[in-house]
Amino acid sequence: MADRNPTISDLRSSDAPFILADHRGIVLALNPAFEQVYGWKEADLVGESLGRILPEAFLMSHQLGFSRFQSLGASTVLGHPLRLRTRCSDGAEIVSEHFILAEKQDDQWVFGATLTPLPEGIPPDQTEPRGG
């Protein structure tokens, strides 16, 4: 990957927790590492909104960013690491490094991301909304 930009296929084949969503934010797939780290089973998330893994305080800004990308085709979050919270199946939240890519497939955008958990005590990026 050093000589070219990474692809969703590259992310999917890595050992990191991975999730794939369609242009509407509906989960299409996840890997066993995602299940192990965050406790979600594929059957729990496939066909469901990405909102299931987002902290409540982040839902609105995520939806706005998703809509902005759909209408403008531009994003400030794609292709570089972001420290954000990820909601686990038990409701706990883990700060993770998200690396998100978007690709057109069959004239529709799909989004793939690795969500690598960070050691406890590392805060999320300052741009993430705070709960409460």
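Which residues have the most contacts inside the largest nonpolar core? I will come to that at once, after two remarks on the model. This is a predicted model, in which local features need pLDDT of at least 70 and side-chain atom pairs count only at pLDDT 80 or more, while totals for chains, interfaces and linings use all residues. Residues are numbered from 1 along each chain as its sequence is written, and side-chain values use heavy atoms, with hydrogens and water left out.

Now the answer. The largest nonpolar core has 18 residues, and those with the most contacts inside it are Ile19, Phe34, Leu45, Ile53 and Leu115. A nonpolar core here is a set of buried Ala, Val, Leu, Ile, Met, Phe, Trp, Tyr and Cys residues joined through side-chain atoms within 4.5 Å. Buried means under 20% relative accessible area, exposed over 50%, and partly exposed in between, with a 1.4 Å probe and protein chains only. At least two residues of this core come from each of E1, E2, helix H2 (32-38), strand E3 (82-87) and strand E5 (108-117). Apart from this core lies another, of eight residues, among them Phe18, Leu20, Ala29 and Phe99. As background, nonpolar side chains in soluble globular proteins tend to be buried together.

Next, the overall layout. The protein has four helices and five strands, and from the N terminus on the elements run α-β-β-α-α-α-β-β-β. Helices (H or I, at least four residues) and strands (E, at least two) are DSSP runs, numbered from the N terminus. Of the 132 residues, 36% count as buried.

On to the sheet. The five strands form an open sheet in the order E2-E1-E5-E4-E3, with antiparallel pairing. Two strands pair if DSSP finds at least two bridges between them. E2 and E3 are the edge strands, each pairing on one side only.

I will take the hairpins along the chain. Strand E1 (residues 18-21) pairs with strand E2 (residues 27-30) over three bridges, and Ala21 has Val27 as its bridge partner in E2. Five residues lie between E1 and E2 in their hairpin, and Gly25 in the turn has a positive phi of about 85°.

E3 and E4 pair over six bridges. In E4, Glu93 is the bridge partner of Arg87, and Val95 is that of Arg85. This hairpin also has five residues between its strands, with Gly91 in the turn at a positive phi of about 95°.

E4 and E5 pair over 10 bridges; one of the partners is Gly112 in E5, for Leu101. Two residues lie between the strands of the E4 and E5 hairpin, where Asp106 takes a positive phi near 50°.

What does its side chain meet in a polar contact? The side chain of Thr86, at 2.9 Å. A polar contact is a pair of N or O atoms within 3.5 Å; within protein, one must be able to donate a hydrogen and the other to accept it, and residues adjacent in sequence count only if both atoms are side-chain atoms.

Leaving aside neighbours within four places in sequence, His98 is in contact (heavy atoms within 4.5 Å) with residues including His80, Pro81, Thr86 and Leu115. Leu115, in turn, touches Ile19, Phe34 and Ile53, among others.
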